[in-house]
Amino acid sequence: METDVVSSLDTSVTASIPQWDTLVQTMAGLYRSDKNDQPVPAVATSYHKSSDDKTYTFNLRHNAKWSNGDTVTAQDFVTAWRKGVSPKAMSGYNYIFSNIKNADQISQGKKAVNSLGVKAVGKYKLVVQLENPEPTFIDKMVIPAFYPQNTRLVKKYGAKYGTAAKYTAFDGAFKVTKWTNTSEKWTAVKNPYYYAKSAVKLQKLNYQVVKDSNTAHQLFQQGSLDDAVVSGTTAQGLQNNKNLYYLYRSGNNFVNLNMAKGAVLANKQLRQALYLAVNHTQLSKKVLADGSKPSYTFSAPNAAKDPASGKDFATAAQPKETYNVAKAKKLWQAGLKQLGKSKVDLTLVASDTTTDKNVSDFLQSQLESKLPGLKVTVKNLPPKSAYNLAANDKYDLYLSLWLNDYA
């Protein structure tokens, strides 16, 4: 089950959970995650680090092949990374290349993409230059943003690369078939050219877009889905079901606020009022009911420790007040007075999945009922459309998700 279509398999064009779910099964990067989430060699066999910790030389395996039979080369990584760091990249992941030599200047349009500190030395040696030592650099190599792209096909297909199975090649355990960027169903079959094909037991993976939690559960009961992501009332009714499994992920759902100059929420007191008016516990336990925990900081719990105290960073950074309706009302009135307004209309943009619909309805109810003069208009749209509105500043509140990408 996936909650949306895969609009592209080119990591420089988009970055979504359905895309990454598919790419993790069909692509091999320099390293991959083992069962303990530790990086282990994939296309790379080993690496050497310079004495100043700023130059990495990766040795690549000679038997890595693309699903069309082409050899996976060091240049394929150079091709993909240059596309990913380019100011033209639309994935939102340019920043992940930061600290590779010249990456930031390239993303800002100040330097050419071919000045990126990555080069191919022959077919099987990749050299990466960093601007500063980076302890998590190898950890990052497991994520799809750093996967290679078939250089020959990128040159052949240009902007078509990654828009359909026939315009894409795969160097991982499976290869995608019967897919275009509007498909609601697609298939991945075992890749006969994968370097570790003998370790792959599955012959095929079928993917299906299911946005509604109840529909997902019905399909699961019928045997049409092997897994179904459930939340809300569907999850509430399944708490004692033998098939229920809690998968804990390090990440946060959060509300992105439009603080652009001239925007209503550029006012700090209004923002503070919104925060204090939402009952996080009620949201997680009653609305989501899927095992989610209340979230009070931008940093997810168990993601990092405060180096000074050794405490979980999310706990150490948590504000003293997280829910105070009386204070929220005072701040709201003060903010309105500063703006010379008696009422405000805000637009909340969210995806059209069951979970996001439930959360946006809850937020609308909480905020309108507790903050006088506030009207919240909810727009539930396909994820790509919702993202485009947010990217073009056509929103006040945008319901977002951030999962930690590595380590």
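I started at Phe-58, which is buried, with a relative accessible area of 0%. The model I am reading is predicted.

I then looked up the ring partners. The structure holds 20 aromatic pairs. In one of them, the rings of Tyr-47 and Tyr-56 have centres 5.6 Å apart and planes at 35°, so I logged that pair as tilted. Tyr-56 and Phe-58 also pair, and I logged this one as stacked: the planes are 15° apart and the distance is 6.2 Å centre to centre.

I checked burial for the two tyrosines. Tyr-56 has a relative accessible area of 4% and is buried. Tyr-47 comes out at 34%, so I noted Tyr-47 as partly exposed, because that class lies between the 20% and 50% limits.

Next I looked up a charge over a ring. The charged end of Arg-61 sits over the ring of Tyr-195, at 3.9 Å from the ring centre.

Last entry: helix packing. I took H8, residues 268-276, and H11, residues 325-339; their axes are 8 Å apart and the packing angle is about 155°. An angle over 145 degrees counts as roughly antiparallel, so H8 is roughly antiparallel to H11. I recorded the crossing of H8 and H11 as left-handed.

I also listed the residues where these helices meet. On the H8 side they are Gln-269, Leu-270, Gln-272, Ala-273, Leu-274 and Leu-276. On the H11 side I noted several, among them Val-325, Ala-328, Leu-331, Trp-332, Gly-335 and Leu-339.

Terms used. Residues numbered from 1 in each chain as written. Predicted model: local features only at pLDDT ≥ 70, side-chain atom pairs only at ≥ 80, totals over all residues. Heavy atoms only, no water. Phe/Tyr/Trp six-rings, centres within 6.5 Å; stacked < 30°, edge-to-face > 60°. Buried < 20%, exposed > 50% of the residue type's maximum accessible area, 1.4 Å probe, protein only. Lys NZ or Arg CZ within 6 Å of the ring centre and 35° of its normal. Axes fitted to C-alpha atoms, helices over the stretch in contact; angles between N-to-C directions. Helix = DSSP H or I, 4+ residues; strand = E, 2+ residues; numbered from the N terminus. Parallel < 35°, antiparallel > 145°, perpendicular 65-115°, else oblique. Left-handed = near helix turned anticlockwise from the far one by under 90°. Contact = heavy atoms within 4.5 Å.
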